[in-house]
Amino acid sequence: MTNLYCEILAAYTEIAMSTIDAQDNTIKRLEKALQDAAPSGKPALLNNLALACFPGDLSRALYLAEEATQLAVHYNDEYQQAEGLYITAKCLAMLERYQEAQNKAHRAALLFFQYDNASRESEALYIEGITYHRLSAYPEAIEIFRRCAEKAHSAGNIIKEAEA
């Protein structure tokens, strides 16, 4: 039994290390691409880099998402602005900065609505609902979760629908 346990532990360690290595490689690849990118392409790369850092390095992910949002506003890229706001909201919620997270998630949901992206809108609504719940604003949380479930259902996102 001991040998089997050691083999299983070694296999799990190898999987965990390959996942960490893959994430590190993704981060390095995105950082390299960011150096070579045209300025108008940087918001998307920054958002992808923020997601690669999330949740392991929340401070960095938050910084990158906020920078992506600002650049997206500068280049009139509303979709990447919505992505940056959404990632920022996720980071702020995990950092228990719920009021700020609620505002960012709400703005992201509105932008995703404009782009008729019900799946991403439901994701942003979910974060907004979580923030209302954490702020003990239960009637608002219930309403947002109801809207989230409807959007997720229309997008075919049964996992988010169930979570809501």
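**View 1. The largest nonpolar core of the predicted model.** This core has 41 residues, and Leu 49, Tyr 86 and Cys 91 touch the most other members. Seen by element, two or more residues each come from α1 (2-36), α2 (42-53), α3 (58-74), α4, α5 (98-114), α6 (118-134) and α7 (138-155). Helix α4 gives the largest share of the core, 8 residues.

**View 2. Tyr 86 and its contacts.** Tyr 86 is one of the core residues that touch the most other members. When neighbours within four places in sequence are left aside, Tyr 86 is in contact with Ala 108, Phe 112, Arg 120, Glu 123, Ala 124 and Ile 127.

**View 3. Thr 88 in helix α4.** The helix that holds Thr 88 covers residues 78-94. The relative accessible area of Thr 88 is 2%, so this residue is buried, the limit for that word being under 20%. Apart from neighbours within four places in sequence, the contacts of Thr 88 are Leu 62, Ala 65, Glu 66, Thr 69 and Lys 104.

**View 4. Asp 77 in the loop between α3 and α4.** Is Asp 77 buried, partly exposed or exposed? Asp 77 counts as partly exposed because its relative accessibility is 25%, and that class lies between under 20% for buried and over 50% for exposed.

**View 5. Asp 77 and Ser 40.** These two residues are 37 residues apart in sequence. In space, the distance from C-alpha to C-alpha between Asp 77 and Ser 40 is 8.4 Å.

Technical notes:
Residues are numbered from 1 along each chain as its sequence is written. This is a predicted model: local features need pLDDT of at least 70, side-chain atom pairs count only at pLDDT 80 or more; totals for chains, interfaces and linings use all residues. Side-chain values use heavy atoms; hydrogens and water are left out. Helices (H or I, at least four residues) and strands (E, at least two) are DSSP runs, numbered from the N terminus. Buried means under 20% relative accessible area, exposed over 50%, partly exposed in between (1.4 Å probe, protein chains only). Contact means heavy atoms within 4.5 Å. A nonpolar core is a set of buried Ala, Val, Leu, Ile, Met, Phe, Trp, Tyr and Cys residues joined through side-chain atoms within 4.5 Å.
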